[in-house]
Amino acid sequence: MQQHTFEPAAMRRLSSLDEVEAVVGRPAAVVMKKQISVLDAGCRSVLAHSPVAAFGYRGADGTVRTTFVGGTPGFARVHSSQRFSFSAPGVGVASGPASLFFLLPGVGEVLRVNGTASALKGGDTAVDVSEAYVHCAQAVIRAGLWEQPDQPRAAEPVPGRGPLAGPGIGDFLSASPFLALSTWDTEGGSDTSPRGERQTVARILDGRTLVLADRKGNRRADTLHNLLRDDRIALAALVPGRSGVLHIHGRAAITDDAALLKTLALRGVPPHLALLIDVEYAEIRSGDAVSRARLWSPDVRSGRDSAPDMMAVGSAHLAAGAAESGRASGWLIRLITAIPGLSRLLRKAADRAYVAGLRKEGYDDVRAPAAARRGETRHGQVAESPLRPVRICGIRQETPSARTLVLEDSDTEARPFHFHPGQFFTLVTDIAGHPVRRAYSASSAPGATRLELTVKHVEGGRFSTHAHRDLRVGDRLAVRGPSGTFHAPPQATDQLVLIAAGSGITPMMSMIRARLSAPASAGRIDLLYSSRSPEEIIFSAELARMEKDRPDRLTVTHVLTGRDGRLDAEGIRRWATGLPLTDSAHHFVCGPEALMDTAQDVLRQLGVPDEHMHQERFSGGATAPATQAPQEMRVEKNGSLVGVAVVEPGQSLLDAGLAAELPMPYSCTVGNCGECMVRVRSGEVTQPEHTCLTPQQKADGQVLACVSCPLSEVTLDIADPTPPGAH
């Protein structure tokens with residue numbers, strides 16, 4: 001297509017319903033009877049299985065937007081037959097018309113739901129349902145959405161200036177076969193529908209004009225009808241195998257310009273109409289929901305369990321719609337669809353009809369998607385997400401600057417949290433639309449169904465400020481872990497010597513609670529704990545109570561820097577030499593870097609062997625400045641290519657590799673444990689200045705994939721490196 005030969009302003013626009021219906025026709029009555037006004041059992045089954053949905057809404061600033069929400073099956077929680085909600089941090093939805101379609105990996109049909117959205121306390125979004133129906137599989141089949149992605153074609157230069165000339169946008173659109181398109185009407189309604197093409201679903205005419213073919217469908221033509229009344233439009237495009245999402249919004253018009261339609265023809269068959277989109281905004285962002293949903297993982301596509309039968313769901317909707325209109329055919333449809341095996345025959349017939357119709361339109365190599373297989377994955381086991389959804393079931397204010405979040409499972413029956421006392425978990429959430437991860441040591445004992453993480457407020461700290469100012473009981477987060485080697489050895493020792501300052505007490509508290517709760521253990525614990533003032537002693541009352549109850553097992557020595565001065569080498573030496581130390585005692589130190597270095601020197605001078613000294617150095621919590629454009633990442637192992645991924649703006653090397661199903665090493669994902677260390681073979685990578693890597697490892701080209709971002713195309717080697725010795 002010669003993009004520069006078209007002048008969008010000169011193309012004819014359709015402006016009336018008669019003009020549109022003269023081309024498209026009117027929808028058949030049976031099509032309009034397929035929608036219902038409630039979430040029936042079939043809808044609820046789809047919502048329980050769907051890991052991601054396209055969501056069209058109006059933002060708090062009045063701007064129309066489309067994005068993808070979710071991340072795990074069942075992310076949408078049904079409250080009643082006409083109301084459901086989901087977590088969408090950073091979306092900022094305004095009360096008003098909204099629409100969604102829910103995707104099932106490996107399935108062609110989608111469930112479309114329209115209604116009214118509103119913001120709930122805690123950041124969740126609620127939708128009150130006005131209509132729901134099953135959308136045919138043509139868009140998914142056209143796009144080949146669940147098939148192995150083709151090698152992307154080289155994008156042509158974008159002529160002119162404008163939002164579409166931004167970094168990576170032309171390349172993204174040239175590789176994108178599928179998008180979600182949202183429109184609105186003037187009567188409080190909204191529609192979000194899927195669009196797909198075998199190669200490029202939307203084509204760039206110039207820096208601010210996008211063209212989208214409108215091919216034959218079921219003649220509902222909701223998008224066209226809406227645009228005749230409200231020309232605002234928003235879309236979100238996907239590229240199979242990538243986790244990035246291209247967000248676009250602007251104004252659209254309908255055209256039947258013959259010269260333009262001819263360029264969109266397939267085997268000489270042009271579309272009947274096209275949309276001309278005047279783009280006001282275009283940006284590629286890392287899609288957290290798409291990444292977590294692992295849409296293109298073979299294990300996910302093969303199905304965790306039985307996927308809903310979309311033919312049966314649609315048939316039930318048709319019967320209900322006929323019954324609501326008073327037609328006697330409703331009971332007949334129910335009777336027929338209840339015949340054993342009929343749904344499977346309808347499935348085969350529908351697939352043949354889809355494929356035959358699309359081939360007439362000019363699609364040569366289309367095929368119906370294979371519905372999710374029943375039973376186990378190809379590896380013989382259920383693939384589980386490394387993220388564990390949790391909810392806050394309690395909050396304790398330990399001191400003016402430290403609070404404990406009490407967490408339990410949010411989406412399943414409460415299960416125990418298993419870890420070694422002293423290990424940490426990574427909290428994952430979105431703040432203002434950006435994914436944030438922070439590591440916090442568990443302060444509770446392992447094995448309980450509730451996990452306690454104590455967060456100390458840090459001035460200017462993004463998550464700690466959010467935790468102290470915004471988080472409430474009932475809010476939902478996710479945790480990854482446990483991680484870290486800072487814990488007592490598996491074999492019981494007769495003595496633990498603990499030195500902590502400030503929030504460094506949190507992993508120690510887990511050790512103390514676990515050890516004192518085990519009656520079979522006769523070992524003692526000696527704690528030296530430095531705080532600024534009595535009011536800043538975290539767990540003050542509990543430590544005092546435990547010491548009083550078990551004086552033979554626990555001694556606590558407090559140092560208040562406001563009263564006693566800073567804890568220095570002499571103070572540590574004087575305390576340690578006053579203890580009845582045993583040769584098998586293990587020493588744990590957690591606090592500011594200067595304190596840990598000082599304590600290590602003193603303990604060595606006292607003859608404590610290195611294998612009996614343990615330190616916790618939290619150095620992560622930040623990711624290097626992100627790239628402004630997508631960058632290709634090649635991953636090798638000992639010189640052999642493992643795979644290729646695209647690092648989206650806002651993504652780390654690790655996030656991109658995991659989204660592409662590459663075998664990236666990792667554990668904590670926040671730069672604390674060193675498990676994700678990889679070697680940069682070529683290209684430029686940036687990472688935070690302070691990490692757990694040694695100067696020699698940095699000089700050898702090693703980076704932490706979880707907190708590093710590419711500044712160019714890069715090649716990484718994931719061969720096992722030398723451990724960083726961070727703990």
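Q: Where in the chain does Glu535 sit?
A: Glu535 is in the loop between strand E23 (524-531) and H15, with helices (H or I, at least four residues) and strands (E, at least two) taken as DSSP runs numbered from the N terminus. This is a predicted model, in which local features need pLDDT of at least 70 and side-chain atom pairs count only at pLDDT 80 or more, while totals for chains, interfaces and linings use all residues. Residues are numbered from 1 along each chain as its sequence is written, and side-chain values use heavy atoms, leaving out hydrogens and water.

Q: Is Glu535 buried or exposed?
A: Glu535 counts as exposed because its relative accessible area is 51%, where exposed is over 50%, buried under 20% and partly exposed in between (1.4 Å probe, protein chains only).

Q: And what does Glu535 touch?
A: Setting aside residues up to four places away in sequence, Glu535 touches Thr399 and Pro400, a contact being heavy atoms within 4.5 Å. The C-alpha atoms of Glu535 and Ser401 are separated by 9.5 Å, although these residues are 134 apart along the chain.

Q: Which side chain makes a polar contact with that of Glu535?
A: The side chain of Ser533 does, at 3.1 Å; a polar contact is a pair of N or O atoms within 3.5 Å, and within protein one must be able to donate a hydrogen and the other to accept it, with residues adjacent in sequence counting only if both atoms are side-chain atoms.

Q: Switching to Arg437, what is its side chain paired with?
A: The side chains of Arg437 and Asp655 are joined by a polar contact of 3.1 Å. Arg437 belongs to strand E19 (residues 434-441), and it counts as buried because its relative accessibility is 16%.

Q: How about Ala180, buried or exposed?
A: Ala180, in strand E9, is buried, because its relative accessible area is 0%. Beyond its neighbours within four places in sequence, its contacts include Ala54, Phe68, Phe101, Thr192 and Ala236. From Ala180 to Thr67 the C-alpha distance is 8.1 Å, across 113 residues of sequence.

Q: Which residues touch the most other members in the largest nonpolar core?
A: Leu164 and Leu210 do, in a core of 32 residues, where a nonpolar core is a set of buried Ala, Val, Leu, Ile, Met, Phe, Trp, Tyr and Cys residues joined through side-chain atoms within 4.5 Å. Elements that give two or more residues to this core include helix H1 (17-24), helix H5 (169-175) and strand E9 (178-184), and the largest share, six residues, comes from E15. Apart from it lies another core, of 30 residues, with Cys43 and Val313 among them.

Q: What about phi at Arg294 and Asn638?
A: Neither is a glycine, yet phi is positive, about 50 degrees at Arg294 and about 55 degrees at Asn638. Most residues other than glycine have a negative phi.
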